[in-house]
Each structure stands twice: as C-alpha cells, then as structure tokens.
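Subject: Structure handover

Hello,

Here is the structure for you to look over. My notes follow below it.

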Amino acid sequence: QVRLEESGGGSVQTGGSLRLSCVVSTDIYSVGWYCMGWFRQAPGKEREGVAAIEGGGGSTYYAGSVKGRFTISRDNANNAMYLGMNSLKPEDTAMYYCAARYGSCPVVGGATWDSKYWAHWGQGTQVTVSS
C-alpha cells in the first residue's frame, strides 16, 4: 500500500510563491520505484496534471501552463516530493494532489496527465491565488 500526504498549501497574492510537500509511505517497494506527480483540480473543472518526476529524479515533465514557473523535485532518502511554485496566477487556484504509480512515468501518447494511469492519491492541499 502507498500512502501520500500533502502539505504546504495556502493563500498568496498574484506573483507569490509556495512550496508543496508530499510525504510518501510504502509497504513493499521503496519510494524510488515510483513515478510521482502533482495534479490539480479547480472548482467545476476536471483534474489536470501539473508535473511528474521519475523514480530516480532524472527526468521531469511539466504541463505547458506551469512550465518555467513550477519545479518538481524529490528526496527519496526522506520519502518526500516537492512542488515549488513561483509567479503564481489566479488561474493556479485549485486543490493540489500528490499522486504515485509503480514504475516509470507514463509518457506515451499524453498518458502522463491521464488520471487512470496513476494508482495512488493523496487527499489534497488547497492553493488560492488572489489578484
């Protein structure tokens, strides 16, 4: 079983920064065996992928809307993953979810941001950006 717990959300003004954290616990395989990612869902909208990172941290993937502003990273020794968010905009307001899947990240045919390819989810942390 994989358990994910997010923290670090909050309210900031446009142009501000936040850093989200996700603490991971696993029963069988070490966290380094899992592709990890961040998704978000705004009220009335579908969940969308934000960023993903391979188990070893060597490759990262970003949605076009956050590229250049957000940075995903991980610390496998401490079972943690992070999302640094800079230059925040009101359209970044959403509940942010940590996600994990065993093995490599799904990168073929746009699968990276398809929720059905991600088996494990956290409860979410709210990010609100005011103008």
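Start with Arg74. This is a predicted model, and in it Arg74 is buried but makes no salt bridge. The nearest side chain of opposite charge belongs to Glu54, 6.9 Å away. A salt bridge would need a side-chain nitrogen within 4 Å of a carboxyl oxygen, so Glu54 does not qualify as a partner for Arg74.

What does the side chain of Arg74 reach instead? Backbone oxygens are on the list. The backbone oxygen of Tyr34 lies 2.9 Å from a polar atom of the Arg74 side chain. The Arg74 side chain also reaches the backbone oxygen of Ile53, at 3.4 Å.

Arg74 sits in strand β7, residues 70–75. Leaving out neighbours within four places in sequence, Arg74 has contacts that include Val31, Gly32, Cys35 and Met36. Glu54, Gly55, Gly57, Ala80 and Met81 are also among them.

Next, Trp33. This residue is in the loop between β3 (18–26) and β4 (34–41). Trp33 touches Arg101, Tyr102 and Gly103, again setting aside residues up to four places away in sequence.

Four strands make an open, antiparallel sheet, ordered β1-β3-β8-β7. β1 (2–7) and β7 are the edge strands, and each has a single partner, so one side of each has no neighbour in the sheet. From one strand to the next, the twist averages 15 degrees. β1 and β3 pair antiparallel over six bridges. To find that pairing on screen, look for Ser7, whose bridge partner in β3 is Ser21.

On to the salt bridges. Side chains of opposite charge can pair when their charged atoms come close. How many salt bridges are there? The count is five.

- Arg3 and Asp27: the closest N and O atoms are 3.0 Å apart. This pair joins distant parts of the chain, with Arg3 in strand β1 and Asp27 in the loop between β3 and β4, 24 residues apart. Arg3 is partly exposed, at 37% relative accessibility. Asp27 is partly exposed as well, at 47%.

- Asp92 and Arg40: their side chains meet at 2.9 Å, N to O. This pair also links distant parts of the chain: Asp92 is in the loop between β8 (80–85) and β9 (94–102), Arg40 is in strand β4, and 52 residues separate them. Are these two buried or exposed? Both are buried.

- Lys116 and Asp114: the N to O distance is 3.9 Å. Lys116 is exposed, with a relative accessible area of 65%. Asp114 is partly exposed, at 27%.

Which residues does the salt-bridge network link? Arg40, Glu48, Arg69 and Asp92. The buried Asp92 and Arg40 pair therefore belongs to that network.

One contrast to look at on screen: Arg40 is buried and has a salt bridge with Asp92, whereas Arg74 is buried and has none. For Arg74, the contacts to view are the backbone oxygens of Tyr34 and Ile53.

Best wishes

Note on methods:
Residues are numbered from 1 along each chain as its sequence is written. This is a predicted model: local features need pLDDT of at least 70, side-chain atom pairs count only at pLDDT 80 or more; totals for chains, interfaces and linings use all residues. Side-chain values use heavy atoms; hydrogens and water are left out. Helices (H or I, at least four residues) and strands (E, at least two) are DSSP runs, numbered from the N terminus. Contact means heavy atoms within 4.5 Å. Buried means under 20% relative accessible area, exposed over 50%, partly exposed in between (1.4 Å probe, protein chains only). Lys and Arg count as positive and Asp and Glu as negative; His and the chain ends are not counted. A polar contact is a pair of N or O atoms within 3.5 Å; within protein, one must be able to donate a hydrogen and the other to accept it, and residues adjacent in sequence count only if both atoms are side-chain atoms. Two strands pair if DSSP finds at least two bridges between them. Axes are lines fitted to C-alpha atoms, for helices over the stretch in contact, and angles run from 0 to 180 degrees between N-to-C directions.
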